[in-house]
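Student: I have a structure to read and I am new to it. Could you take me through its features?

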Amino acid sequence: MESLTGLQRRRTVECRLTPDRALLTLADAEGFLRDRGMLTRTTDSALPSLYEACHEDSYTPGGTGFATWPATKWPWFGELAGRGYLVTAVHRGKNLLVTGEVARLLDPICRAETERMRAADPGWRRLLDHLAAAGPASSDDLRTELGLKRQELKALRSPLERCGAIVSRSVQMTSGEGHVHTSELARWDQVHPGACDPDTGPARALGDLLVASVRAAVVAPERELPRWYSWRWYWTDGLVDDLVRDGRLRRVNGPGMVAAARPDPAG
C-alpha cells in the first residue's frame, strides 16, 4: 500500500506542482485535463489547478484577482471550454472544468437539482422553464424576454449555477465594428442530454464524484471533502466511512489524509 510520502510525491508529479512539470502548450493543458478529469481555474484546494500547473509569472505581479492569473496562458481555461469541455460552478460557485467522464458523474446530481430548485422557487422555475422552451439564451436576451434587470437575473442564475441546474459559457457577440463578450445560459439537461441511470440517485452520485475527485488530487485532507461541492444536503456524516468500507477510498497513515483505494482505471 502506497505510503503518504509516496502519495505526496506522486501528487507533485501528476498534478504538475513543480516548474519542471509546467504546461507548455494548450495541447499539454488538454492532456492534463483529460488525465485528471477535472481542473479548477486557480489554486483553492487539493483539486488540481490549471493555472497552478502553468508555473508562469502573474499578469500583474503584486496584484489581486485577475491580475494573479498567468501572464500569457490565462486564456487556456476558456479555450479548453471552447473545445467542448464543460465549465461548471458546482465547486462552491468557482469554475470547475470537467471531462465528459466527470460530467456523467455530475449528471444525476444536476438533474435532481434542476427539479428541486424548479419546485423550490417561482423565479427559478420561471427561468428554468423559459430555457426549456426557448433553448439556451444569452443573458442580454433573457433580461429582455423575462423583463428582468441585470441584478435580478444575476440573483436568479447564481444559485442555479452553483447547484448545476444551469451552466453558463462565454460567447463573443458582434457590436458595431468590434465585439463584446457575454454569457449564454443553458439548463444542465441541454448541455448534457440523455437520461442518467435511474438507479443512481444524487447521494450515490456524490459518492462516485468524491472518489473521482480524490483520485484527481491523488491525496487530499479528509476535512476538505465536504467543502469541494455545493450540495451539502446530500452529504451524510458517514459518507467517507461508507466509501472507505466499500474499498473505494482509504485513509492514509498521516494527518487526516485520504486517497483512492483502487488504482486509476487508466493507469
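Tutor: This is a predicted model. Start with a sheet: read the strand order, then the pairing sense. Here an open sheet of three strands has the order S7-S9-S8, and the pairing is antiparallel.

Student: Which strands are the edge strands of this sheet?

Tutor: An edge strand pairs on one side only; here these are S7 (219-221) and S8 (249-252). On average, neighbouring strands are turned by 35° against each other, direction ignored.

Student: How many bridges join S7 and S9?

Tutor: Three bridges, in the antiparallel sense, link S7 to S9 (residues 257-260). Take Ala220: its bridge partner in S9 is Val258.

Student: Which strands does helix H1 touch?

Tutor: Helix H1 (residues 4-14) packs on the sheet and touches S7, S8 and S9. The direction of H1 makes about 105° with that of S7. Helix H10 (residues 202-217) also lies across S7, S8 and S9. H10 runs at about 100° to S9.

Student: What is the strand order in the sheet that contains S1?

Tutor: Read it the same way. The order is S1-S3-S2, in an open sheet of three strands with antiparallel pairing. S1 (38-40) and S2 (86-91) are the edge strands. From one strand to the next, the twist averages 35°. S2 and S3 (residues 94-98) run antiparallel and are joined by four bridges. His91 stands opposite Lys94 in S3. Helix H2 (residues 26-36) lies across S1 and S3, at about 115° to S1.

Student: Now helices. What describes two packed helices?

Tutor: The angle between their axes and the distance between the axes. Take H6 (residues 122-134) and H8 (residues 150-162): the angle is about 85°, and the axes are 10 Å apart. So H6 is roughly perpendicular to H8.

Student: Which residues make the contact between H6 and H8?

Tutor: H6 gives Gly123, Trp124, Leu127 and Leu128. H8 gives Leu153, Leu156, Arg157, Pro159 and Leu160. By class, seven are nonpolar, one is polar and one is charged.

Student: Last, the cysteines. How many disulfides does the count come to?

Tutor: Look for two cysteine sulfurs within 2.5 Å. The count comes to zero.

Definitions and conventions:
Residues numbered from 1 in each chain as written. Predicted model: local features only at pLDDT ≥ 70, side-chain atom pairs only at ≥ 80, totals over all residues. Heavy atoms only, no water. Pairing = 2+ DSSP bridges. Helix = DSSP H or I, 4+ residues; strand = E, 2+ residues; numbered from the N terminus. Axes fitted to C-alpha atoms, helices over the stretch in contact; angles between N-to-C directions. Contact = heavy atoms within 4.5 Å. Parallel < 35°, antiparallel > 145°, perpendicular 65-115°, else oblique. Nonpolar A, V, L, I, M, F, W, Y, C, P; charged D, E, K, R; others polar.
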